[in-house]
Amino acid sequence: MTATTLDRRRLLAAGGATGLSLALGGCATMAPVAATSAAAPLCLPRVNVSPDRVIRTVAGLRPYRETGFVVRAQQLSDTRVIHNYGHGGGGITLSWGSSRLAVDLGLPGHSGPVAVIGAGALGLTTAKLLQEAGYQVCIYAENLPPHTTSNVAGGQVNPTSVFSDAAVDEAFRRQYAAAVDYSYRRFQISVGEDTGVRWLTTYDATLGRPLSDLDRRIMPAARLLREGEHPFPQPLTREWRTMYVETGRWLAHLMRDLRIGGATIERRGFASPAEIAALPEALVFNCTGLGARALFGDEGMIPIRGQLAILLPQPELQHAYTGPVGYMFPRPDGIVLGGTYERGVWDATPQPEAIAGILAAHARFNQRMRCSV
């Protein structure tokens, strides 16, 4: 595996201050070790990893800001712009909550139609919340699902690689925690076949951090398993439950709901803030992700490329894992194997060498599993 094939969740184990443990700070402790029966060790099916089972490979550019995602207002002549971008590796997870913050900031005192720029996770959830508030919405987007960065996201509801701990203040931490909490509740009531959202047991082999109070709120039934109590090739594993989003199905579901609710959608890009100010809507929500760098001159925005290999589905897989080899998320549309964390890389195309490294690492990991079925 090459140096670039670093799992974005693995950064947490290395002390990278970008995950949930950063949200509230304070004194956190490890979850108590649960007692399990030595006579009945946990057995799990192996992922069948081989190059001939790859059905597609993808690469996406995470819109990362060391100082965290932006929710703020800007006046452009007679147009008020509410920015909602820069979520790094937490765009799916934070989508509902960050959009809630943006809508709550923008709507007071406004009447009339509203515009949303962008049709990824942040754009569509913002538009949906605006519709629920009773507003007529027009979505302007250069790319629509399934051709958005959000469509290639892994979809675990657990934000990572969102900000640098040293670069944020307590005000941002509160914003972050509020976004996580609202998103978590909203995804809970979205679980279903039609939405592509479901619960799965997850095994985390990184264990590089204690759980914060916020972690505990969104990681129900978390417990530590010792060697012999789990099948993975390392001494300790954390078992917990979270939701996973089949991103293609979820985004398509949002698009259908928005159209049914009367939203209009126009394919177009924007080259300057002046073009946004010329829109007929007096309130505009900017959900352009990495595009905000050029559009609004946000030099703090950088791409972090993530590459994924997608394998043929295995219906018997009812668990996910993260660890030193990357992550595995089983979805009905294919088994997602990640991944890479390539800072400052703008080329959104998968690289054969990196994909081969991902496959080799996951194959070794699964071959070393004990008590597999």
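**Grounds for the descriptions**

Analyst: Cys 287 has a relative accessible area of 8% and is therefore buried, since buried means under 20%. The model is a predicted one. Cys 287 lies in the loop between strand 10 (283-286) and helix 8.

User: Which residues is Cys 287 in contact with, leaving aside its neighbours within four places in sequence?

Analyst: Cys 287 is in contact with Asn 84, Val 116, Ile 117, Gly 118, Leu 122, Gly 123 and Thr 126. Contact here means heavy atoms within 4.5 Å. Cys 287 and Val 70 are 217 residues apart in sequence, and their C-alpha atoms are 9.9 Å apart in space.

User: Which residues of helix 2 and helix 3 meet, and how do they divide into nonpolar, polar and charged?

Analyst: From helix 2 come Gly 91, Ile 92, Ser 95, Trp 96, Ser 98, Ser 99, Arg 100 and Val 103; they meet Ala 121, Leu 122, Thr 125, Thr 126, Lys 128, Leu 129 and Leu 130 of helix 3. The residues of this contact divide into seven nonpolar, six polar and two charged. Arg and Lys count as charged, and Arg 100 in helix 2 and Lys 128 in helix 3 are among the residues that meet.

User: Why are helix 2 and helix 6 called roughly parallel?

Analyst: The axes of helix 2 and helix 6 (residues 247-260) cross at roughly 25° and come within 13 Å. Angles under 35 degrees count as roughly parallel, and helix 2 and helix 6 are therefore given that description. Helix 2 passes helix 6 in a left-handed crossing.

User: What residues form the contact of helix 2 with helix 6?

Analyst: Ile 92, Ser 95 and Trp 96 in helix 2 meet Thr 247, Trp 250 and Leu 254 in helix 6. Four of the residues in this contact are nonpolar, two are polar and none is charged.

User: How do you know that the span of helix 6 is close to the expected one?

Analyst: Helix 6 has 14 residues and reaches 20 Å from its first C-alpha to its last, and 20 Å is also the span expected at 1.5 Å a residue. Buried residues in helix 6 are Thr 247, Trp 250, Leu 251, His 253, Leu 254, Met 255 and Leu 258. After helix 6 comes Gly 262, with a positive phi near 100°.

User: What makes Ala 294 count as exposed?

Analyst: Its relative accessibility is 72%, and exposed means over 50%, so Ala 294 counts as exposed. Ala 294 is found in helix 8 (residues 292-296). Its C-alpha atom is separated by 8.3 Å from that of Ala 271, 23 residues apart along the chain.

User: Ser 77 and Ser 161 each have a positive phi. Is each of them buried or exposed?

Analyst: Phi of Ser 77 is near 55°, and that of Ser 161 is near 50°. Ser 77, in the loop between strand 2 (70-76) and strand 3 (79-85), has a relative accessible area of 62% and is therefore exposed. Ser 161, in the loop between strand 5 and helix 4, has a relative accessible area of 0% and is therefore buried.

User: Where are the cis peptide bonds that join Pro 145 and Pro 146, and Gly 338 and Gly 339?

Analyst: Pro 146 is in the loop between strand 5 (137-141) and helix 4 (170-188), and omega of its bond with Pro 145 is about 10°. Gly 339 lies in the loop between strand 14 (334-338) and strand 15 (342-343), and omega of its bond with Gly 338 is about -10°.

User: How many helices and strands are there in the chain, and what share of its residues count as buried?

Analyst: The chain has nine helices and 15 strands. Of its 373 residues, 56% count as buried.

Note on methods
Residues numbered from 1 in each chain as written. Predicted model: local features only at pLDDT ≥ 70, side-chain atom pairs only at ≥ 80, totals over all residues. Heavy atoms only, no water. Helix = DSSP H or I, 4+ residues; strand = E, 2+ residues; numbered from the N terminus. Axes fitted to C-alpha atoms, helices over the stretch in contact; angles between N-to-C directions. Parallel < 35°, antiparallel > 145°, perpendicular 65-115°, else oblique. Left-handed = near helix turned anticlockwise from the far one by under 90°. Expected span 1.5 Å × (residues − 1). Buried < 20%, exposed > 50% of the residue type's maximum accessible area, 1.4 Å probe, protein only.
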